[in-house]
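Here is a brisk report on one chain. It moves from the overall fold to single residues.

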Amino acid sequence: MAEALFFLCGALIVVNLASILIAASRLSPNGARAASASDTPPVSIVIPVRGIETFTAETLHRAFQLDWPRYELIFCVADHADPIIARVEAMMDTYPGVPARVLVGDDRISANPKLNNCVKGWRAARWEWVVLADSNVLMPPDYVQHLMTARRRNTGLVCSTPLGTRPGSFWAEVECAFLNTHQARWQYAGEAVGFGFAQGKSMLWHKPLLDANGGIEALGADIAEDAAATKLVNRLGLHVHLVAAPFEQPLGGRSLREVWMRQSRWARLRRVTFPLFFAPEILLGTLPALTLALAAATVSDKNHVLIGMFVMAAIYLPELALALAKNWHVSPLSLPAMLARDIVMPLVWMRSWVGGVVEWRGNTMTIGTRMSELEGPDTAAAQQPN
């Protein structure tokens, strides 16, 4: 019995280490490779915005400072009274040399208001290459270059995971631990072995490809546009590929409740859209391996403290090494944040199997236990970036 428990524990540790090594080989801590002069087509960047956020001024500045020969910015707003309109227009005055427009209106093509907000921008885009970008993405100067150079012959869509930065509280550190060395790491590892999943933070589309297969309306087939995008690309026999290094999402402060609500919402979306991939998530993190190791120590009368410390070191040290190697956020709170994350993760996983209402920045959204039950009684919140 003890041998079997130790074997299962070791298998979980090996899988965890393998994911880190695969992700490390796929990720680059440096910028994107230089694009050739013939590989710099003009790009339309569609940004759905709603309300003023903590880092709005900086994210707007960055969008107007991209190092790409020709690009346009299309800001989409659902409400004529939204104060973000004045902020965007002021930024347009500051950077008159960058083609930019603000489009206002609410097109109801799906149950996903973020997608509804993007429709007018997609239709107004001048160029064949279109980026759908969340408003809280902190774009580097080589933002478009990263997206463009990630393309391969079998690419249907290029995306980026969010990289949590600038945490302003302990629970924001926990959010970093979720976003970076957990979610981004597993997503890059999955993409490297052929299981690429789209993420709605930044999506580079070849417009003719999507238009020929249902247009942007096709992304309303699932409650999450990135899930619909993944399924559409896979049906075409193509792949979702990720940029060489993820783009920043500055976090600021976070509370336990905010982290819980965000993670439980994302977990439910993964559960209803990709249940077979979501189910094994209960085995991730430290707790499953630690539980097996301590059970084996009990059966074999081994030292629980030493075995527990070994398991935690075997999981957390490589994770911290990955963050350091890729220049991701690391602080004295990173290890306690990883511990807190791994305590929250199984609770989030269990909660995801129960349908019901989740809150999103003061609004509510119903995610049922089956795809047929998905609905949004007040889905205006979905216009907010993740």
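Contact here means heavy atoms within 4.5 Å. This is a predicted model, in which local features need pLDDT of at least 70, side-chain atom pairs count only at pLDDT 80 or more, and totals for chains, interfaces and linings use all residues. Residues are numbered from 1 along each chain as its sequence is written, and side-chain values use heavy atoms, with hydrogens and water left out.

**Overall**

The chain has 13 helices and eleven strands. Helices (H or I, at least four residues) and strands (E, at least two) are DSSP runs, numbered from the N terminus. Of its 386 residues, 55% count as buried. Buried means under 20% relative accessible area, exposed over 50%, and partly exposed in between (1.4 Å probe, protein chains only). Take the contacts between residues at least 6 apart in sequence: 80% of them join residues at least 24 apart.

**Helix packing**

Two helix pairs are described here. Axes are lines fitted to C-alpha atoms, for helices over the stretch in contact, and angles run from 0 to 180 degrees between N-to-C directions. Angles under 35 degrees count as roughly parallel, over 145 as roughly antiparallel, 65 to 115 as roughly perpendicular and the rest as oblique. A crossing is left-handed if the near helix is turned anticlockwise from the far one by less than a right angle, and right-handed if clockwise.

Helix α6 (residues 170-192) packs on helix α9 (residues 256-273) at about 30°, with the axes 8 Å apart. The two are therefore roughly parallel. The crossing of α6 past α9 is right-handed. On the α6 side, the residues that meet α9 include Trp 171, Phe 178 and Gln 183. Among their partners in α9 are Leu 256, Trp 266 and Arg 270.

Helix α12 (residues 304-325) and α13 cross at roughly 120°, and their axes come within 11 Å. That makes α12 and α13 oblique to each other. α12 also passes α13 in a right-handed crossing. Met 312, Tyr 316, Glu 319 and Leu 320 are the α12 residues that meet α13. The α13 side includes Ser 334, Met 338 and Arg 341.

His 182 belongs to helix α6. What does His 182 touch beyond four places in sequence? Its contacts there are Ala 177, Leu 284, Glu 319, Arg 341 and Met 345. Glu 319 is 137 residues from His 182 in sequence, yet the C-alpha atoms are 8.3 Å apart. His 182 is buried, at 9% relative accessible area.

**A residue in strand β2**

Phe 75 sits in strand β2 (residues 71-77). Is Phe 75 buried or exposed? Phe 75 is buried, because its relative accessible area is 0%. Leaving out neighbours within four places in sequence, Phe 75 contacts Ile 47, Val 49, Leu 60, Phe 64, Val 88, Arg 101, Val 102 and Leu 103. Gly 121 is 46 residues away in sequence, with a C-alpha to C-alpha distance of 7.2 Å from Phe 75.

**Aromatic rings**

There are ten aromatic pairs in the structure. Rings of Phe, Tyr and Trp (its six-membered ring) pair if their centres lie within 6.5 Å; planes under 30 degrees apart count as stacked, over 60 as edge-to-face and the rest as tilted. Two of the pairs share Trp 349.

| Pair | Type | Centre to centre | Angle between planes |
|---|---|---|---|
| Phe 278 and Trp 349 | stacked | 6.2 Å | 15° |
| Trp 349 and Trp 353 | edge-to-face | 5.6 Å | 65° |

Phe 278 and Trp 349 are both buried. Trp 353 is partly exposed, at 37% relative accessibility.

Elsewhere, Phe 195, Phe 197, Phe 274 and Phe 277 form one aromatic cluster. The charged end of Lys 231 sits over the ring of Phe 274, 5.2 Å from its centre. Arg 151 lies over the face of Trp 129, 4.6 Å from the ring centre. For such a charge, NZ of Lys or CZ of Arg must be within 6 Å of the ring centre and within 35 degrees of the ring normal.

**Backbone**

Most residues other than glycine have a negative phi. Arg 166, in strand β6 (residues 162-167), has a positive phi of about 50°. Arg 166 is partly exposed, at 37% relative accessible area. Asn 327 has a positive phi of about 60° and lies in the loop between α12 and α13. Asn 327 is exposed, at 59% relative accessibility.
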